[in-house]
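Subject: Handover of a structure

Dear colleague,

Please find below the sequence and structure that I am handing over to you. My findings follow directly after them.

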Amino acid sequence: MTTPLLEYFAGLFDGEGCVATSIYQLGGMIRYRAYPKITMTDPRPIYVLQEMFGGTVQTVPPRSSRHKPQYGWSPTGTVGVAFLAAILPYTIVKKREIELALELRSLIGPRGQAHGKPYCVPSENQERRKQL
C-alpha cells in the first residue's frame, strides 16, 4: 500500500472516523473491544477500505427523502488493528485514540487468550483494560 493512500485514509479517519469501544460479557467473561469505524454517504472510499483491508460494509437506509444512505466500515479483530497501525503515523486528530486502542488490543491474546493462557487475564491487565 502506498504512503499517499495511507495518508488519505488517515485524513479520512481523522475527519469521518472514530475508535468505537464496547464492553460485553461472553461465556461468563467480561470482554473489551476497540475498533475503527468510518461512516459516510459516499460509498467509494468505504469499498476501497474493504478491498484493501477486509471487513464488512454496512448500509444504513436514509431516514427520510432528504437524507442519503450511509455506508459504514467497522472492522474488528486483526483487520481493525492492521488498519489502525497502518494509519497511525499519519493521523493528527485521533492519534491518541488509536494509540489507546492499540494498547488495549496488546492486552488481549488471540481468540480470547491472554498471553497464551485461555481465559486467564492477569489482574494488572484487567485494571488497565478498565482504564482504557
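Helices here are DSSP runs of H or I with at least four residues, numbered from the N terminus. In that numbering, helix α5 covers residues 123-131, and E124 lies in it. Please note that this is a predicted model.

**Overall make-up**

The chain contains five helices and six strands. Read from the N terminus, the order of these elements is α-β-β-α-β-β-α-α-β-β-α. The chain has 132 residues, of which 31% are buried.

**Helices α3 and α4**

Two packed helices are described by the angle between their axes and the distance between the axes. Helix α3 spans residues 77-87 and helix α4 spans residues 95-106; their axes come within 10 Å and cross at roughly 140 degrees. Angles over 145 degrees would count as roughly antiparallel, and those from 65 to 115 as roughly perpendicular. The pair α3 and α4 is therefore oblique. The crossing in which α3 passes α4 is left-handed.

**Salt bridges**

How many salt bridges does a search of the whole structure find? The search finds two.

One of them joins the side chains of D42 and R44, with a distance of 2.6 Å from N to O. D42 is partly exposed, at a relative accessible area of 24%, whereas R44 is exposed, at 62%.

Another salt bridge links E99 with R96, and here the closest N and O atoms are 3.5 Å apart. Both E99 and R96 belong to helix α4, where three residues, about one turn of the helix, separate them. E99 has a relative accessibility of 34% and counts as partly exposed. R96 is also partly exposed, with a relative accessible area of 48%.

**A nonpolar patch on the surface**

M1, V48 and M52 form a nonpolar patch on the surface, and together they have about 240 Å² of accessible area. M52 is part of helix α2, which runs over residues 43-53. Is M52 buried, exposed or partly exposed? Its relative accessible area is 32%, so M52 is partly exposed, since that class lies between the cut-offs of 20% and 50%.

**Residues apart in sequence**

G17 is located in strand β1, which comprises residues 17-26. With a relative accessibility of 9%, G17 counts as buried, because the class covers values under 20%. G17 and G72 are 55 residues apart in sequence, and their C-alpha atoms are 9.5 Å apart in space.

The other pair brings us back to helix α5, the helix in which E124 lies. E124 is exposed, with a relative accessible area of 54%.

With kind regards

Notes. Residues numbered from 1 in each chain as written. Predicted model: local features only at pLDDT ≥ 70, side-chain atom pairs only at ≥ 80, totals over all residues. Heavy atoms only, no water. Patch = residues over 30% accessible without salt bridge, like charges linked within 9 Å, V, L, I, M, F, W, Y side chains within 5 Å. Areas by Shrake-Rupley, 256 points an atom, 1.4 Å probe, with all protein chains shown as cover. Salt bridge = Lys/Arg side-chain N within 4 Å of Asp/Glu carboxyl O. Helix = DSSP H or I, 4+ residues; strand = E, 2+ residues; numbered from the N terminus. Buried < 20%, exposed > 50% of the residue type's maximum accessible area, 1.4 Å probe, protein only. Axes fitted to C-alpha atoms, helices over the stretch in contact; angles between N-to-C directions. Parallel < 35°, antiparallel > 145°, perpendicular 65-115°, else oblique. Left-handed = near helix turned anticlockwise from the far one by under 90°.
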